[in-house]
Amino acid sequence: MPSIKTMTQLGASTAILALGFANISAAQEAGTTLKFAHVYETSEPYHTCAVDAHSALMAATDNRYGIEVYPASTLGKEVDINEGLSLGTVDIIYTGQLFAGRSYGPIAIGGAPYMFRDYEHWDAFRNSDLFDELSQGYTDATGNRIVAMTYYGNRHVTSNTPVTSPADMEGLKIRVPNAPLYMMFPEATGGNPTPIAFAEVYLALQQGTVDAQENPLPTIQAKKFYEVQSNINLTGHITDALLTIVGGPTLSSMDEADQAALSQVLQDTAVCATDAIRAAEAELVDWFRAEGVTVNEVDRGPFIEAVRAMHNGEMATWDQETYDRLQAIGQ
């Protein structure tokens, strides 16, 4: 894994171009090149680990298949790339659980605020029968297949004023991704959720279109939100993850052996990125403070109580049994 300093420096345009050209050149060696689309920066582990998956897939399929990665919304916003799976315009995507929940509601439960007690609870869910059942439900609904889940990090609120209690959220205009359940946390705490595409968030913060946003520490660094927000508030309100999904049209064009090889490579990619994100989270509070950003410790208890009342309310896209099974995992 590159150091935090290296990850930051990779944001330079020359590094981005070099990485992009190298990836395209490598992908051309394959008999069939699969398009892997996402909305994250080239400096982030999701991307760098996905780029490395090309050579692993080539080796596993005797060069029949390779991967070309399209980062930073190159092939569209998150809603667009989800639609592209079924259309066959993309083959593989990273996507948030709440975006997948647009097609199959119950899969979104893992992306709801304060649904997990901690990382260990999330990790147990990832490896549970419940997650397997929810993934199968998504496949039955869409024809696409969830093959891996990558830790995205604990999401925290950034702002230009401290947010250490639900009262500080009152009236705060906060950017959220364009999926309904991302509005649960702001609405439960009195905030004003405002959906804005990921690629447009920095400018929206800079221009004051919104007062705040929420993302994990590695993403706050990679997208440079700390340049236009003075406070990072450790709300840890979502233990979030990215689903790696392969499109149905792509899978139907591959034999079983190549499907299995692709799934294994993408699972290894998820482990690569998860490990890198966990390592970055452990370092970044000190890094942000060294950059002059105010990082506020938060008592999550009052936030949890405010949100818990909505867990099985009108916004829930899962039933009580699914909720109870998830909460029982690891107990």
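In this predicted model, H156 stands opposite N215 in β7.

**Strand β4 and its partners**
- Three bridges link β4 to strand β7 (residues 213–215), and the two run antiparallel.
- β4 is also joined to β8, here by 12 bridges, again in an antiparallel arrangement.
- Within β8, N233 is the residue that stands opposite V157.
- β4 is largely enclosed by the rest of the structure, because 13 of its 15 residues are buried.

**Helix α6**
- Helix α6 spans residues 119–126, and its buried residues are Y119, H121, W122, F125 and R126.
- These residues sit on the same side of α6, because they cover an arc of only 160° around the axis.
- The cover over them includes the helices α5 (97–100), α7 (129–142), α12 (256–290) and α14 (320–328), along with the strands β4 (145–159) and β8 (231–246).

**Helix α13**
- In α13 (residues 301–308), you will find F303, I304 and V307 buried.
- Looking down the axis of α13, the buried residues fall within an arc of 100°, so they line one face of the helix.
- A helix of the α type has 3.6 residues a turn, so residues three or four places apart point the same way.
- Among the elements covering the buried residues of α13 are α8 (184–188) and β8.

How values were computed. Residues numbered from 1 in each chain as written. Predicted model: local features only at pLDDT ≥ 70, side-chain atom pairs only at ≥ 80, totals over all residues. Heavy atoms only, no water. Buried < 20%, exposed > 50% of the residue type's maximum accessible area, 1.4 Å probe, protein only. Helix = DSSP H or I, 4+ residues; strand = E, 2+ residues; numbered from the N terminus. Arc of directions from axis to C-beta. Contact = heavy atoms within 4.5 Å. Pairing = 2+ DSSP bridges.
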